[in-house]
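Please look over the sequence and the three-dimensional model shown below before reading on.

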Amino acid sequence: MKKLILTGLTIGLTMGLTACASTEKTAEVEVAVKAPDSVDLGGLSNEEATTKLLDALLSKSYLASRAGPNGVAVNFDNSQFILQPSINPDGIDRIMMNRFYAIHPKYVGSKEMLLMIGTLNQKLNFAKFVIRDQGAVIQVQGAATFVDTITMEELRRFILWTDEGLRQVGESLPKGAEDVIKPIPVMQNIQSI
């Protein structure tokens, strides 16, 4: 009977110590996979910086995917952007942020559309508005500047600032404009969470 009790205590103690050891290892793993607070892109090529930026966004739980060799498509508050690192070894680095809108075929190349884009560029400073593809697409482009390292919070605020600016532009357009100018999805199979 003493052997049975002693064996039971030994097994119980061993299991308890193993559980403590497992808990400690889990805590170490959680620390090891913590999302970065910043991403250092200095000294990288644009393509390498794109990969590193994508990895940092994914580790922060952004819905993001590769968009060509130098672009990252990211979904932010139901808006889709393309981020493109532009690394300059001798100066200031940038992350270009682009959003694209399709223009209804009836208004492609129209004077009204050119006037609207010109007015937006004169009155706003958060982004540049450009008509592309023979007047069929509006490209909205902004840039976050930094030297070598950008924090994920700075990047989040930059995207938020641009997204809010575009929301306000959308609200200021005449009623029915949403039928004339529509966002072009840059990511396929996006599902809202």
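The buried residues of α3 pack against β5, β6 (128-132), β7, α4 and β9, where packing rests on contact, that is, heavy atoms within 4.5 Å. Here buried stands for under 20% relative accessible area, exposed for over 50%, and partly exposed for what lies in between, with a 1.4 Å probe and protein chains only. Helices (H or I, at least four residues) and strands (E, at least two) are DSSP runs, numbered from the N terminus.

This is a predicted model, in which local features need pLDDT of at least 70 and side-chain atom pairs count only at pLDDT 80 or more, while totals for chains, interfaces and linings use all residues. Residues are numbered from 1 along each chain as its sequence is written, and side-chain values use heavy atoms, with hydrogens and water left out.

**Overall arrangement**

The protein holds four helices and nine strands, and along the sequence these follow the pattern α-β-α-β-β-β-β-α-β-β-β-α-β. Of its 193 residues, 33% count as buried. Among contacts between residues at least 6 apart in sequence, 59% join residues at least 24 apart.

| Helix | Residues in helix | Reach | Expected span |
|---|---|---|---|
| α2 (46-59) | 14 residues | 20 Å | 20 Å |
| α3 | 13 residues | 18 Å | 18 Å |
| α4 | 21 residues | 30 Å | 30 Å |

In α3, the buried residues are M113, M116, I117 and L120. Seen down the axis of α3, they fall within an arc of 95°, so they line one face of the helix; the arc is that of the directions from the helix axis to the C-beta atoms. On the other side of α3, K111, L114, L115, Q122 and K123 are exposed.

In α2, the buried residues are A49, T50, L53, L54, A56 and L57. They cover an arc of only 165° around the axis, which puts them on the same side of α2. Their packing partners are β1 (38-40), β2 (63-66), β3 (72-76), β4 (79-86), β5 (93-103) and α4 (152-172).

For α4, the buried set consists of M152, L155, F158, I159, T162, D163, G165, L166 and V169. These residues fall within an arc of 160° when seen down the axis of α4, so they line one face of the helix, whereas R157, E171 and S172 are exposed on the other side.

**The largest nonpolar core**

In soluble globular proteins, nonpolar side chains tend to be buried together. A nonpolar core is taken here as a set of buried Ala, Val, Leu, Ile, Met, Phe, Trp, Tyr and Cys residues joined through side-chain atoms within 4.5 Å. Of the 39 residues in the largest such core, L53, L57, L83, I95, F129, I138 and L155 touch the most other members. The elements that give two or more residues to this core are α2, β3, β4, β5, α3 (111-123), β7 (137-146) and α4, and α4 gives the most, with six residues. Leaving aside residues up to four places away in sequence, L155 touches L53, L57, L83, I95 and I150.

**The largest pocket**

A pocket is an open set of points on a 1 Å grid over the protein atoms alone, where a 1.4 Å probe fits, with protein on both sides within 12 Å along at least five of seven lines; lining residues have an atom within 4 Å of a point. The largest pocket has a volume of about 360 Å³, a volume being the space filled by probe spheres set on the points, which are joined across faces, edges and corners. Of the 20 residues that line this pocket, the closest to its centre are Y101, L166, G170, L173 and I181. At least two lining residues are supplied by each of β5, α3, β7, α4 and β9 (181-183), and α4 gives the most to the lining, with five residues.

**Backbone details**

Most residues other than glycine have a negative phi. N78, although not a glycine, has a positive phi of about 65°; N78 lies in the loop between β3 and β4 and is exposed, with a relative accessible area of 60%. D148, also not a glycine, has a positive phi of about 65°; D148 sits in the loop between β7 and β8 (149-151) and counts as partly exposed, at 36% relative accessibility. Just after α2, S61 takes a positive phi of about 70°.

Methods: The expected span of a helix is 1.5 Å times one less than its number of residues.
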